[in-house]
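Keep the 3D view open as you read.

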Amino acid sequence: MQPEDLLDVAAFHRLGVVQYADNMPLAGLSGAELSALKTKAHGLGIKIELGKQSFIASELARYIDIAVGLDAKILRVALDGPDAAKPVDRLAVEFRPLVALANAAGLRIAIENHFNYPSLQLVDLLRAIDDDAVGICLDVANSICAGEWPSETVEILADDTINLHLKDYVIVPDPFGVGFVIHGCPLGQGRTDCRAVLDALPTCDMSIILEHWLPRQDNMSAARAAEHAWLAQSVTFARDTLGL
C-alpha cells in the first residue's frame, strides 16, 4: 500500500483520522507527494497525524515541518533503544527546542509508552519537560513488556493522555505447556477492557487510533485479507459497543 491507499481504506470505513507511523514513514515523500496526500485527505474529510520511532532531534524537526504542511496536530514519538537509555533530565533538555517548534506550529507531541520504557519514568519525563505541548500517547497493551498489567499502565498515564492507541490482545498458552504467546485480535475479542480504558480518560476529546498486533503470516494475500477483516470487526465493535 501507498499512503494515499490508506486514506481510501479509512474512507471506506468512514474513519476520520489516519496516523502514519513507522510502517509507512512519510519523510521520504517529495513535496509534491505530500501536497497530493494533503489534498486527498482534505477531500475525504480525514485528518492526518504523524508518528516517529525513536528520538533523533533532526528527524523530529523534519517531521514537525511535515506536520505543518499536512495540517497535522499530533506527532507521536516512541523512545526505544539508545534513546530510552538516556537519563530523564538529558532527554528533557533535548526535547525543549523541539517543543518550542511544536508550539509555534500548533502541534502537540505525544510520547508513547513503548515496550521497555516504564510508565512512571515516562511521567517523570513529562514533568521534566513541563509543557502543555507534550503529552502521552497511551497504548493499552505495549507496557506488558515492561512488566505492567494494562490496567496499571492506564491508571498511571490516563491523566496526561492526548492520543490513544486502542488495540486488543489474547494470551495463548503454549500447546506443549511451556510458556505462552501474546498476540493481537480484533477489538472486543480479547482481554482489553475497552470501556474501562475510555472511562479512565479525563476526556475523550482526542483521536483514538485502532491498532492491530496481527500475527505474522507468510502469505501476503492472506495477511491483507486478515488485516481488512480485523479492521472491519474492530470498527463495528468501536461503533456499536463503545459508541465511538
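How much space lies in the largest cavity?

## The cavity

The largest cavity holds about 40 Å³ of space. A cavity here is a set of points on a 1 Å grid, over the protein atoms alone, where a 1.4 Å probe fits but cannot get out. Points are joined across faces, edges and corners, and a volume is the space filled by probe spheres set on them. Counting those of 30 Å³ or more gives one cavity.

Its lining (residues with an atom within 4 Å of a point) is made up of Leu166, Lys167, Asp168, Cys185, Leu187, Leu210, Glu211, His212 and Ser234. That's four nonpolar, two polar and three charged residues, where Ala, Val, Leu, Ile, Met, Phe, Trp, Tyr, Cys and Pro count as nonpolar, Asp, Glu, Lys and Arg as charged, and the others, Gly among them, as polar.

## About the model

This is a predicted model: local features need pLDDT of at least 70 and side-chain atom pairs pLDDT 80 or more, while totals for chains, interfaces and linings use all residues. Residues are numbered from 1 along each chain as its sequence is written, and side-chain values use heavy atoms, leaving out hydrogens and water.

## The pockets

A pocket is an open set of points with protein on both sides within 12 Å along at least five of seven lines. The largest pocket has a volume of about 1,600 Å³. Of its 46 lining residues, Leu6, Asn23, Leu210, His212 and Glu227 lie nearest the centre. Helix 9 (220-240) is among the elements that supply at least two lining residues, and helix 9 gives the most, with nine. Helices (H or I, at least four residues) and strands (E, at least two) are DSSP runs, numbered from the N terminus. By class, the lining splits into 23 nonpolar, 11 polar and 12 charged residues.

The second largest pocket has about 250 Å³ of space. Strand 2 (residues 47-53) makes the largest contribution to that lining, three residues. Other lining residues include Asp71, Lys73 and Asp205.

## Helix 5 against helix 6

The axes of helix 5 (residues 88-105) and helix 6 (residues 119-129) come within 9 Å and cross at roughly 50°. Axes are lines fitted to C-alpha atoms, for helices over the stretch in contact, with angles from 0 to 180 degrees between N-to-C directions. So helix 5 is oblique to helix 6 (under 35 degrees is roughly parallel, over 145 roughly antiparallel, 65 to 115 roughly perpendicular, the rest oblique).

In helix 5, Val88, Leu91, Ala92, Phe95, Arg96 and Val99 meet Gln121, Asp124, Leu125, Ala128 and Ile129 of helix 6, with contact meaning heavy atoms within 4.5 Å.
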